[in-house]
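This briefing covers one protein chain, topic by topic. Please keep the sequence and the structure in view while reading.

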Amino acid sequence: MTALVLVGMSVTDVDRRDELLAAAGDRSASVAFLQMGDPSLSLELTRLADAGAEVITLVGVDLGPLAPAHSWLRRIAGHWWRERAGVRPVIEVATRLASSLSDLDAASRSTKPISGHEPGLTSPAWEDVTGHQRQVLICRGPRCTARGSEASMRALILGLMEAGLSDQDVLITHTGCQFPCNQAPVVSVQPDDVWYGAVDPDVAREIVTNHLVAGMPVESHRLPR
Ligand code: FES
């Protein structure tokens, strides 16, 4: 038995679940996510292996600009393979990410098997908490996602990059529902305890310029506390 899995790589691919499922259905494949989505890649590999899959082919899909590097697909699959008890399937990984749904078949033509020697999930570079001054929590819950949090997130991240701020200054974190859903899309800034509602991309840019760079919260979109 062989199996094909389309793997959404970035948090933005979770928002495209329906498109991925449709593309998977056309190919008798299944869908998994590297982060933020269900099922995770590890859970899907376990399900398929338990069902008797002998060869599993993984094709990473990057429909947005914020996917982690392709190497993460091999790292996660390699970790699962090493940890898997008993008979292990052969895992073939497409040698590049598919950049669109129409690119899926071309991307899956060239694959390389998991050997078990892939780098692990730890690194000396990931030992310490960053030195960030502020943490920006971007709600990716269902209401905020439906009302445009993906575009707001992109604007925030691009604004931070243009301002020259890194993880050592501002740590961006994606969250589930933060509860004031009526104010979606919601963004909160800690430890300032400043909450924002109706954060569209323009407001996201203002938050970067006024609050995260200049230290002045954007009062027009600040939620009462
Ligand atoms: S979904 Fe964002 S606050 Fe509830």
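What share of the 225 residues in the chain is buried? The model is a predicted one, and in it buried residues make up 44% of the chain. The chain contains eight helices and nine strands. Its C-alpha trace spans about 60 × 40 × 30 Å along the principal axes.

**Strand pairing around β4**

- Strand β4 covers residues 90-94 and is mostly covered, with four of its five residues buried.
- Strand β3 (residues 55-61) runs parallel to β4, and four bridges join the two.
- For E92, the bridge partner in β5 is P113.
- As background, side chains in a regular strand alternate between the two faces of the sheet.

**Aromatic rings and charges**

- The structure holds one aromatic pair, formed by W72 and W126.
- The ring centres of W72 and W126 are 5.4 Å apart and the planes make an angle of 35 degrees, so the pair is classed as tilted: stacked would need planes under 30 degrees apart, and edge-to-face over 60.
- The pair links distant parts of the chain, its two residues being 54 residues apart.
- W72 belongs to helix α4 (residues 71-83), while W126 is in the loop between β5 (111-113) and β6 (134-139).
- W72 is partly exposed, at a relative accessible area of 25%, and W126 is partly exposed as well, at 45%.
- The ring of W72 also has the charged end of R75 over it, 4.8 Å from the ring centre.
- A further contact involves W81, where R88 lies over the face of the ring at 3.7 Å from its centre.

**Cysteines**

- How many disulfides does the structure hold? The number is zero.
- C177 is partly exposed, at 30% relative accessibility.
- C181 has a relative accessible area of 18% and counts as buried, because the cut-off for that class is under 20%.

- V187 is in strand β8, which covers residues 187-190.
- With a relative accessible area of 1%, V187 is buried.
- V187 and C144 are 43 residues apart along the chain, and their C-alpha atoms are separated by 9.5 Å.

**Backbone exceptions**

- Most residues other than glycine have a negative phi, and most peptide bonds are trans.
- The bond that joins D38 and P39 is a cis peptide bond, with omega about -5 degrees.
- P39 sits in the loop between β2 (30-33) and α3 (41-50).
- M36 is in the loop between β2 and α3; its phi is near 65 degrees, a positive value in a residue other than glycine.
- At 46% relative accessibility, M36 counts as partly exposed.
- A cis peptide bond also joins A184 and P185, where omega is about -5 degrees.
- P185 is located in the loop between β7 (170-175) and β8.
- D193 has a positive phi, near 55 degrees, and is a residue other than glycine.
- The position of D193 is in the loop between β8 and β9 (194-196), and at a relative accessible area of 30% this residue is partly exposed.

Definitions and conventions:
Residues are numbered from 1 along each chain as its sequence is written. This is a predicted model: local features need pLDDT of at least 70, side-chain atom pairs count only at pLDDT 80 or more; totals for chains, interfaces and linings use all residues. Side-chain values use heavy atoms; hydrogens and water are left out. A disulfide is a pair of cysteine sulfur atoms within 2.5 Å. Buried means under 20% relative accessible area, exposed over 50%, partly exposed in between (1.4 Å probe, protein chains only). Rings of Phe, Tyr and Trp (its six-membered ring) pair if their centres lie within 6.5 Å; planes under 30 degrees apart count as stacked, over 60 as edge-to-face and the rest as tilted. A charge sits over a ring if NZ of Lys or CZ of Arg is within 6 Å of the ring centre and within 35 degrees of the ring normal. Two strands pair if DSSP finds at least two bridges between them.
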